[in-house]
Amino acid sequence: MAEVRPATGENGVGSRAIRVGTRRSQLARIQTDSVVEMLREFYPDLCFEIVAMSTTGDKILDTALSKIGEKSLFTKELENALERNEVDLVVHSLKDLPTSLPPGFTIGAICKRENPLDAVVFHPKNCGKTLSVLPEKSVIGTSSLRRAAQLKKKFPQLEFRDIRGNLNTRLKKLDEKEDFSAIILAAAGLKRMGWENRIGQLLSPEDCLYAVGQGALAVEVRAKDQETLNMVSALQDGETVLCCIAERAFMKRLGGCSVPVAVNTMLKDGQLYLTGAVYSLDGSDSLKETMQTSVNYPHRNEDGPNDDVQHVGITAKNVPGQAQEAAENLGIELASLLLSKGAKHILSVARQLNDAC
């Protein structure tokens with residue numbers, strides 16, 4: 001059963017409310033509230049209602065995410081509501097969205113990215129330490145094959161175990177028990193929750209490349225709903241869009257769902273740099289390369305059939321189409337380079353081993 005509540009504020013009362021779908025978790029609600037606040041700044045006369053619901057991923061808490069095998073764990077119920085016109089748009093963490101969306105949907109906006117890096121949160125008894133100085137056999141909690149694969153290679157003296165639950169649940173497991181010496185979480189989520197003070201160590205890209213889309217919020221809409229698509233396009237952050245198009249194209253070309261695939265992107269002086277890597281489950285086998293391309297194209301205000309072209313599920317009306325194409329091609333070319341060097345074998349073995357565990 002979905003829970004409906006009016007968004008804060010009195011603007012737009014009397015006009016049709018824009019219904020915004022979200023997961024029930026505290027982090028999801030905070031993220032959705034931030035998107036609604038931005039929309040209200042652009043459209044002070046509109047009224048917004050937030051519709052919260054539980055997803056499959058929220059309900060299955062005793063199994064590692066990588067073993068469940070469902071690509072849309074945290075999005076399916078929200079998309080069902082969107083399809084039934086029960087909501088007008090949905091706010092997601094971009095990394096939860098598959099690189100191929102169901103027919104009829106599109107990502108109408110990607111907001112400015114928060115810090116995409118991974119962070120280490122330590123048990124209170126390890127406060128002030130770093131991963132490199134933890135005692136041998138210390139147990140580190142993570143629900144991510146990507147994080148575990150990279151960190152196993154860098155810190156072979158440590159042990160890594162799966163930990164599930166929302167941020168609140170994971171921190172409670174860390175603090176109230178002795179099972180984990182530390183856990184790895186996305187820095188962006190901790191910051192949005194107001195828990196930056198719990199970050200004991202930020203993992204640089206040299207330590208741990210991050211997940212595709214990590215730190216970015218996406219607004220999903222019905223692809224043919226031009227009114228809503230136009231409205232949410234005001235939220236679009238061009239730099240984040242280009243970085244995430246490249247990352248998602250990289251993952252899509254690799255077919256890398258539920259296997260250790262990692263990225264790092266940077267846009268500087270009109271050049272988009274993408275580093276991508278694939279790993280075996282224990283991190284002992286890996287491939288990592290960097291490529292770049294120019295995305296320095298002017299925006300052409302042209303009306304026509306190509307206005308709403310999607311790039312890996314993203315419709316970015318306010319970003320030059322040629323720049324989006326260049327970003328997508330960068331991701332495809334980098335993935336193709338890794339595949340030519342043996343990435344398919346690494347990922348297929350990782351997938352088989354994960355399924356067998």
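Is Tyr43 buried, partly exposed or exposed? At 24% relative accessibility, Tyr43 counts as partly exposed; the class covers values between buried (under 20% relative accessible area) and exposed (over 50%), with a 1.4 Å probe and protein chains only. The legends below refer to a predicted model in which local features need pLDDT of at least 70 and side-chain atom pairs count only at pLDDT 80 or more, while totals for chains, interfaces and linings use all residues. Residues are numbered from 1 along each chain as its sequence is written, and side-chain values use heavy atoms, with hydrogens and water left out.

**View 1. Overview of the chain.** The chain has 11 helices and 14 strands. Both are DSSP runs numbered from the N terminus: helices are H or I with at least four residues, and strands are E with at least two. Of the 357 residues, 52% count as buried. Contact means heavy atoms within 4.5 Å. Among contacts in the chain with a separation of 6 or more, 74% come from residues 24 or more positions apart.

**View 2. The aromatic pair Phe42 and Tyr43.** A search of the whole structure finds one aromatic pair. It consists of Phe42 and Tyr43, with 6.3 Å centre to centre and 45° between the planes, and is tilted. Rings of Phe, Tyr and Trp (its six-membered ring) pair if their centres lie within 6.5 Å; planes under 30 degrees apart count as stacked, over 60 as edge-to-face and the rest as tilted. Phe42 is partly exposed, with a relative accessible area of 48%.

**View 3. The buried side of helix α4.** Helix α4 spans residues 76-83, and Leu78, Glu79, Ala81 and Leu82 in it are buried. These residues lie on the same side of α4 because they cover an arc of only 155° around the axis, the arc being that of the directions from the helix axis to the C-beta atoms. The buried residues of α4 pack against strands β2 (17-23), β3 (47-53), β4 (89-93), β5 (105-110) and β11 (217-222). Asn85 follows α4 and has a positive phi, near 60°.

**View 4. The largest nonpolar core.** A nonpolar core is a set of buried Ala, Val, Leu, Ile, Met, Phe, Trp, Tyr and Cys residues joined through side-chain atoms within 4.5 Å. The largest one has 44 residues, of which Phe250 and Val278 touch the most other members. At least two residues of this core come from each of β5, α9 (238-254), β12 (261-268), β13 (271-279), α10 (321-340) and α11 (343-356). Helix α9 gives the most, with 10 residues. A second, separate core of 18 residues includes Cys111, Leu217, Val221 and Met231.

**View 5. Contacts of Val278 and Ala343.** Not counting residues up to four places away in sequence, Val278 touches Leu254, Pro260, Val261, Asp285, Ser286, Leu287, Leu338, Ala343, Ile346 and Leu347. Ala343 lies in helix α11 and is buried, with a relative accessible area of 0%. Leaving aside neighbours within four places in sequence, Ala343 is in contact with Leu254, Val278, Leu287 and Leu338. Ala343 and Ser280 are 63 residues apart in sequence and 9.6 Å apart in space, C-alpha to C-alpha.

View 6. A disulfide is a covalent bond between the sulfur atoms of two cysteines. With a disulfide taken as a pair of cysteine sulfur atoms within 2.5 Å, the structure holds zero disulfides. Cys243 is in no disulfide, and the nearest cysteine sulfur, that of Cys244, is 6.6 Å away. Cys243 counts as buried at 6% relative accessibility, and Cys244 counts as buried at 0%.

View 7. Gln201 lies in strand β10 (residues 201-203) and is buried, with a relative accessible area of 15%. The Gln201 side chain reaches the backbone nitrogen of Leu131 at 2.9 Å. Gln236 lies in the loop between α8 (226-232) and α9 and counts as buried at 12% relative accessibility. A polar atom of the Gln236 side chain lies 3.4 Å from the backbone oxygen of Thr315.

Terms used: Polar contact = N/O pair within 3.5 Å; in protein donor to acceptor, adjacent residues only side chain to side chain.
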